[in-house]
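Reader: I have the sequence and the model open side by side. Please take me through it with a few questions and answers.

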Amino acid sequence: MTKPSFEVQIRVERNEAWTRAAQASKENSMSPPELCQQWSDFADRILAKAFDHCFSQQKIALFALGKLGSHELNLSSDVDLLLVADEITSETLSSLRLFQKCLNERTAEGFVFRLDFDLRPGGRQGPLIPTLDQFYDYYGNYGETWERLAFVRLRELAGDAKIRNDVLAFAKKFSFRRHLDFTLFEDLKGLRHKIQSHYWERSSNGQVDLKLGIGGIRDVELFTHALLVVHGGKDVSLQVHETGAALVLLEEKNLLPPEDARFLKDHYWRLRLLENFVQAQHDEQTHLIQPDDTFPEFVRSALDQALPDMVRCDEIVKTLLGEPPEEYLLEQELPTFGFQGQELEELWLEIIGQEVLSRNRTRDEAARRAFLHEFLVTLKRQGGDIKRALLLLKDFIHGTRAKASFFSLLLRERSLLQKLTWLFGHSPYLSRILCNRPELIDSFVYRAQNNRHQDMTGLLEDLTERRLLSEVISGSEFLESNRLLPLLDNLSSTADSVTWHLLEALKTEYPSSLAILALGKWGGRELGFRSDLDFIFVLPEGAQDSDYKLARRFISRLTEPHRGGSIYSIDMRLRPSGKAGPLVLPLADLKSYLADEAAPWERQAYLKSRWINYPGPQLSSLYIDKGLSDLEMSELNRIRQQLIRSSNSHIDLKHSEGGLADIELASQALILRDKISLNSTSTLDFLNAFSDKGLQLSNNYTRLRQIEQMIQLVASESTSEISQNRQSLQYLASSLHMESQALLLEVKSLFADNLSLLKELDPRRSSH
């Protein structure tokens, strides 16, 4: 009989253990502390087993947080986990995916645990596996009060001993301060109020929220952990994980009146009994209970006692945390500015509810409100799309984790606030960059970037940031000025710099004389938004094994996902023999191929070849004297006809007859036919080499590319199409300071004018 896979084995173990625990809960045959302890112990064993299976021999450690961290896991809870590694490699990320699949994925045998990594540095915006340095940096510089409370329950589970010791030592210093820290109570008042105001309806609509309701499980934990954080720095015996054990200690040390400590402990475990019973019914993560339902006697008794006890619990918690301060009750006072429709009003109220994270909440909450007011006033004045801008603003605030420093910065730098508002109202593409990487804001202000990389991971982050920052800066300027040529030059120069720095860094590991030959838009210094990099690898001499390793590693590093996406997408189909051709080509072979074998369309393509920081030869000189035969001209015309697309529903700026591709290929055919040698590789310089008609085509081409680049900024996805019956047309026209119909008429007029000119100039059209 075939042995079941690891994934099947742990699911079977989980199902058996959960069934036993659920049965004990339904029959009340085990006390809540014992039940939670046993279920936590089982979770520890399974998680450690899965960790060893997925991360064997790697320098990485696994930690528990939340109720698993306190050995008080309920029957259908997520498990809060933290992974910390010495460094991140492709093997680490592959192991993480396997770890998630083993435990999280639902199969015919069910699942093991729902994994929650949201308590990692940076929350959902941070890397799933932070390095030890990232862990230190985040909590040393940006850690908030609620994170100090979360680390009270941080506990090691498995992995590298040194990382486990280092993380735990740092976490204790982070959570427990030597001096009494009563300032954190102001933050906790706001945190408790936020929980109550968000969930109170669930507790008053006939149902009781055992966890998040007033006087519920979360209130007991918040109260208890606050006392541990305040006093645990001076008395290390208070640095315990378990909520129940903490309440016993707080009584023993006279930090809580005995009757309050005993009441809270009994109330806490009574709520946990009810929570486990509810979850044992269907293995669902719920904390809601309907008092009018029919229950076993032990549940009815516990529930009847828990309801009035929640009121008493609230009174005890308020003696420490007090009533919520007045500023938290003023959340809804920001005006709606006459929003039309419920959807916009609800979106605005949701943004208002994203409270500032700060140690000085009174001051910084005022800054947040002032920023929101100014943002909306500016947005209406600029005429941006309100709904789209508010959706992006919500994501941006979430991405910054509502840090007070961002609101203060944007209020201080009014020109930056205006630019940010303009981007959110006009360019989803650039706005998404800032939502995903809000730290770019600082660089955006000062037009600079700190080169802080000491290793490959740091370098890749820097190069990604350099590319993104270039797009944000160049794109924001283009939105305002509509000037095309500086945009294309800046984006192309950035690609030059990024690829050269990456290649040189990799050469320290793989010594090589490998060079990059840029082609296409990149080769012509005409790179736009969302463009691939067309290029090939060339060597002065024959290729060695290290050259191929370098080339493969370069491609991997350039295209692998980083925070904010890959550095660039690439296209290497223009190498001789296409996809089947060698990855690395000796220069002599390339020259021979272009001189003797290249098809006419390949000779066209290599007119735009340009070396990146390498003094290579001008390759077009190898074949420019060949010209184009009648047969070759017919072949190019056949290719032209295959590229042409037409539609009644949209206009394709690139592939329509008289569009961008038609002009580009026509100019290249003209260069080849007339055997013109040029030092430049840009389409505009190609066109300018031909009489007044070439100059007129150059002007038309520039306008079409201007419109095409604006589409990239205002559209939600990469496209060269103008859809006549969609709102995106209005966004595009507005960004070009035009009416929609006027823009459509202009584009159609440009196509017609181009067709007239191409009939005279394009040698392909006269070949049939």
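**Looking around the model**

Reader: At what relative accessibility does Thr559 count as partly exposed?
Author: Happy to start there. Buried means under 20% relative accessible area and exposed over 50%, with partly exposed in between (1.4 Å probe, protein chains only). Thr559 counts as partly exposed because its relative accessibility is 33%.

Reader: Before we go on, what kind of model is this?
Author: Residues are numbered from 1 along each chain as its sequence is written, and side-chain values use heavy atoms, with hydrogens and water left out. Local features need pLDDT of at least 70, side-chain atom pairs count only at pLDDT 80 or more, and totals for chains, interfaces and linings use all residues, since the model is predicted.

Reader: Back to Thr559, then: which residues does it touch, leaving out those up to four places away in sequence?
Author: Thr559 belongs to helix α23, residues 545-559; helices (H or I, at least four residues) and strands (E, at least two) are DSSP runs numbered from the N terminus. Its C-alpha lies 5.8 Å from that of Ser569, a residue 10 positions apart in sequence. A contact, or touch, means heavy atoms within 4.5 Å. With residues up to four places away set aside, Thr559 touches Ser566, Tyr568 and Ile570.

Reader: Stepping back, how many helices and strands are there in the chain?
Author: The chain has 768 residues, and 55% of them are buried. Among contacts with a separation of 6 or more, 73% join residues 24 or more positions apart. As for secondary structure, the count is 31 helices and 13 strands.

Reader: How many disulfides does a search of the whole structure find?
Author: A disulfide is a covalent bond between the sulfur atoms of two cysteines. The search looks for a pair of cysteine sulfur atoms within 2.5 Å. Cys36 counts as buried because its relative accessibility is 0%, and Cys435 does so at 3%. Over the whole structure, the number of disulfides found is 0.

Reader: Within what arc do the buried residues of α1 fall?
Author: Helix α1 covers residues 6-27 and reaches 32 Å from its first C-alpha to its last, close to the 32 Å expected at 1.5 Å a residue. Its buried residues include Phe6, Ile10, Arg14, Trp18 and Ala21. The arc is that of the directions from the helix axis to the C-beta atoms. Seen down the axis, the buried residues of α1 line one face of the helix because they fall within an arc of 155°.

Reader: Is His737 buried or exposed?
Author: His737 sits in the loop between α30 (727-735) and α31 (740-761). Just after α30, this residue takes a positive phi of about 60°. At a relative accessibility of 54%, His737 counts as exposed.

Reader: And is His71 buried or exposed?
Author: His71 also has a positive phi of about 60° although it is not a glycine. You will find His71 in the loop between α3 (66-69) and β2 (79-85). With a relative accessible area of 15%, His71 is buried.

Reader: What distance separates the C-alpha atoms of Gly627 and Asp674?
Author: Gly627 lies in the loop between β11 (610-611) and α26 (630-643), and it is buried, with a relative accessible area of 2%. Not counting residues up to four places away in sequence, Gly627 touches Arg603, Glu632, Leu672 and Lys675. Gly627 and Asp674 are 47 residues apart along the chain, and the separation of their C-alpha atoms is 6.6 Å.

Technical notes:
The expected span of a helix is 1.5 Å times one less than its number of residues.
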